[in-house]
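Work through the following exercises with the sequence and the model at hand.

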Amino acid sequence: MTNRLSALLSGARFGKFASVGAVGAMFDLTVSSLLIVVFDVVGEVAKLAGAEVAIVVMFVINDRWTFADAGSDHLLAKVRRFVKSNLVRSGGLAVQVLVVRALREVPLTIPVAGVDLWQLIPLPIAIGASMFLNYVAESLFTWRIGAGSRHRDSR
């Protein structure tokens, strides 16, 4: 347990994870925006597509960089980690939706230049909330950092 906690609290690993998250956010926003603006795709569908592209990109980078020391390079092991990562990230996406919905219920208005900033403020808060959840879940369940060899699946 101490190994897992120590590995989880690694500032270097968390920094890598956060950096990868920023790259993922760029992919998400780019794909979603292109689908909406260029291809006239409904916003919710575009958001889901953008999120999945980001999830794939983040998985590849995390698997090769952030968690390079966790898990084998065997194809079946990578596929298992990819499926786990998608499940974890789906949970993070659900957290984002719940946080945004909850914060938008707060009767607050912050008008600036004709725009209610309170409608935008929940978005980064939701991303932050899901980032910590995703980091912990990805670390412990997808890549199983700090787990002894007897606890690992055949990666």
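This is a predicted model: local features need pLDDT of at least 70, side-chain atom pairs count only at pLDDT 80 or more; totals for chains, interfaces and linings use all residues.

Residues are numbered from 1 along each chain as its sequence is written, and side-chain values use heavy atoms, with hydrogens and water left out.

**Exercise 1.** State the average pLDDT of the chain, and find the elements with the lowest and the highest mean pLDDT.

*Solution.* Step one: pLDDT is the predictor's confidence in each residue, from 0 to 100. The chain average is 86, and 94% of the residues score at least 70. Step two: helices (H or I, at least four residues) and strands (E, at least two) are DSSP runs, numbered from the N terminus. Strand E2 (residues 115-116) has the lowest mean, 80, whereas strand E1 (residues 111-112) has the highest, 93. Step three: over residues 149-155 pLDDT stays under 50.

**Exercise 2.** Describe the domains of the chain and the contact between them.

*Solution.* Step one: the assignment, which is automatic or from a database, gives domain 1 (8-70) and domain 2 (72-144). Step two: their centres, taken over C-alpha atoms, are 11 Å apart. Step three: 18 residues from domain 1 and 16 residues from domain 2 take part in the contact (heavy atoms within 4.5 Å).

**Exercise 3.** Relate the UniProt transmembrane regions to the helix content of the model.

*Solution.* Step one: the unreviewed UniProt entry places the feature "transmembrane region" at residues 20-39 and 123-145; such annotations may be inferred rather than shown by experiment. Step two: residues 20-39 are 90% helix, with end C-alpha atoms 27 Å apart. Step three: residues 123-145 are 87% helix, and their end C-alpha atoms lie 29 Å apart.

**Exercise 4.** Characterise the largest pocket and its lining.

*Solution.* Step one: on a 1 Å grid over the protein atoms alone, a pocket is an open set of points where a 1.4 Å probe fits, with protein on both sides within 12 Å along at least five of seven lines; lining residues have an atom within 4 Å of a point. The largest pocket holds about 860 Å³ of space, a volume being the space filled by probe spheres set on the points. Step two: 32 residues line the largest pocket, and the closest to its centre are Asp-28, Lys-47, Leu-93, Gln-96 and Ile-127. Step three: helix H2 gives the largest share of the lining, 11 residues. Step four: the lining comprises 19 nonpolar, nine polar and four charged residues.

Terms used. Ala, Val, Leu, Ile, Met, Phe, Trp, Tyr, Cys and Pro count as nonpolar, Asp, Glu, Lys and Arg as charged, and the others, Gly among them, as polar.
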